[in-house]
Amino acid sequence: MCGIVGLFAKTPGFEAELGQHFAQMLREMTDRGPDSAGFAVYRDAVPFGQIKLTLLAPEGFFWPDFEAALHSAFDGIERLSLHGNHAVVVTSVWLADLAEWLRAGFPQLRVLSSGGAIEIYKEKGLPERVIEHFDVAAMSATHALGHTRMATESAVTTEHSHPFSTGEDLCLVHNGSLSNHNRLRRDLEKRGVRFATDNDSEVAAGYFTWRLREGDTLEQALSRGMRDLDGFYTFAIGTRDGFAVLRDPIACKPAVISECDDWVAMASEYRAIARLPGAAAAKSWEPEPGRIYSWSH
Amino acid sequence: MTQVFDLAANSTRELNQTLQRANGGSAIEQWRVVNPNGAHNLAVGLDAPSRVEIEGHVGYYCAGMNKYAHIVVHGNAGPGLAENMMSGLVRVTGSASQYAGATAHGGLLVIEGDASSRCGISMKGVDIVVQGAVGHMSAFMAQSGRLVVCGDAGEALGDSLYEARLYVRGNVAGLGADCVEKSMKDKHKREVEQLLAEAGISGVDGAEFRRFGSARELYNFKVDNAHAY
């Protein structure tokens, strides 16, 4: 099943309160995905020349040792902030160098996201737990995408939870299931795409990572994805400036979009949108099958 | 007298139990339901000629299994609107999501906006009037009843159709297996106009519609296959 929500602020005033509204949207989708929840939030953009990473550690990981090692290995670590088993690192270190150092010295850490504004958080358990753990309601952000998971194709772990990173400042959440993910994963691995899990949605994320790396625009990558990805999906893709929504041409998986002067919202079901300020008067519609919708600042 | 039911203060179950209590034996009950906020399963299983007005958007399966009641949604409806309706009237002033009127046996379903994919799938006698467009696979395996679409129809209209009659005023993206266009005779024009009138839609000329139905070429229509039984 799974639930997807996305919220995009059109005014600075709404950015300040985006977290509280987004939290309520994610909570409303609990019935569709009680196994785990995750979200990507775009906020606190770093200056040019710096990059922001979200890291995920296993239970019991001792962050102070990591922090000491990080500072002794690199100059130019601007910020390390901890959020439970997640950490956000802001740095002017070259991403490839840092990633190589992490793989060598801290293979148990996962890089959930990298970019100028994106942060990704995910965890097993009810969405409510995730919302409280990461204090989503207090966040101000330009936009955020979330996912509540009811697992069907692979195990219930934090690593199998959405969103999946698809490149710098890009992420994917997926409601549905893919049927050709095993073959596609093998093909993508030959092209150098790395996978952390056996999850089908991660293959879709890997596919888009590959296409975007090859120079496709987001629209081109999504159009091509409709041809190469076999299965059911509603995708929401977060970008640095906004987000995009795509349903497969059969369109079994639901989606609703609403827009008003202050915000654009998408969700698997309207009830996640219903309590946003001004929702009753907002323009609401069901995205057409196989059509790409996108918003950006 | 119209009674008000507030979904902000009461549960969906309380709403349905309250509405289902009407048995048609006394005066017709009139209800205004407020604060639906996209909730699922509102006003389902009604079995008396009550009048129910829902003020706002509703979620999945609104007005399912309806019998006798007149239910109006002032807003949009999620998937499965009026599924398996037996009789009565269901009207949505906005648009409806997937499979509106699925398997419905009777009554009239009016969608003033657009209907999404699979509208009238496996319909079994219901009349559906859509003022806007319908999505792909509409009237899939439709067995009987009438579907009137004032706007466009998506791909694979009427796939594997039985005896339902389909009328479309706008463009048809494509016909499903065994669905063909048929001649629009005077009696068909009158049929469309009568359904439009029942739906309260004016200013649309019945002569502008095209008629579609089954070519009766699939397996079930072949007498040669009767020996299998």
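**Exercise 1.** Determine whether B:Ser122 is buried or exposed.

*Solution.* Step 1: the scale is relative accessible area, where buried means under 20%, exposed over 50% and partly exposed in between (1.4 Å probe, protein chains only). Step 2: B:Ser122 has a relative accessible area of 16%, and therefore counts as buried. Step 3: B:Ser122 belongs to the loop between strand E6 (108-111) and strand E7 (124-130) of chain B; helices (H or I, at least four residues) and strands (E, at least two) are DSSP runs, numbered from the N terminus. Step 4: the phi angle of B:Ser122 is near 55 degrees, a positive value in a residue other than glycine.

The model is predicted: local features need pLDDT of at least 70, side-chain atom pairs count only at pLDDT 80 or more, and totals for chains, interfaces and linings use all residues. Residues are numbered from 1 along each chain as its sequence is written, chains are lettered from A and ligands numbered from 1 in the order in which they are written, and side-chain values use heavy atoms, with hydrogens and water left out.

**Exercise 2.** State the phi angle of B:Met65 and the loop in which B:Met65 lies.

*Solution.* Step 1: phi of B:Met65 is near 60 degrees, which is positive although the residue is not glycine. Step 2: B:Met65 is located in the loop between strand E3 (51-55) and strand E4 (70-74) of chain B.

**Exercise 3.** Is the peptide bond from A:His162 to A:Pro163 cis or trans?

*Solution.* Step 1: omega for this bond is near -5 degrees, and the bond is cis. Step 2: A:Pro163 is part of the loop between strand E8 (143-149) and strand E9 (164-167) of chain A.

**Exercise 4.** Characterise the packing of H6(A) with H7(A) and of H7(A) with H8(A).

*Solution.* Step 1: two packed helices are described by the angle between their axes and the distance between the axes. Axes are lines fitted to C-alpha atoms, for helices over the stretch in contact, and angles run from 0 to 180 degrees between N-to-C directions.

Step 1: helix H6 (residues 181-190) and helix H7 (residues 200-213) of chain A pack at about 40 degrees, with their axes 9 Å apart. Step 3: angles under 35 degrees count as roughly parallel, over 145 as roughly antiparallel, 65 to 115 as roughly perpendicular and the rest as oblique; H6(A) and H7(A) are therefore oblique to each other. Step 4: their crossing is left-handed, a crossing being left-handed if the near helix is turned anticlockwise from the far one by less than a right angle, and right-handed if clockwise.

Step 2: H7(A) and helix H8 (residues 218-228) of chain A pack at an angle of about 130 degrees, with axes 9 Å apart. Step 6: H7(A) and H8(A) are therefore oblique, and their crossing is right-handed. Step 7: the contact involves residues including A:Tyr207 and A:Phe208 of H7(A) and A:Leu218 and A:Ala221 of H8(A).

**Exercise 5.** How many residues of chain A are in contact with chain B, and what area is buried between the chains?

*Solution.* Step 1: 16 residues of chain A are in contact with 12 residues of chain B. Step 2: the two chains bury about 1000 Å² between them, with 43% of it on carbon and sulfur atoms; buried area is the accessible area (1.4 Å probe) that two parts lose on being put together, summed over both. Step 3: A:Tyr270, A:Arg271 and A:Glu286 supply 38% of the area that chain A buries against chain B, more than any other three residues.

Key
Contact = heavy atoms within 4.5 Å.
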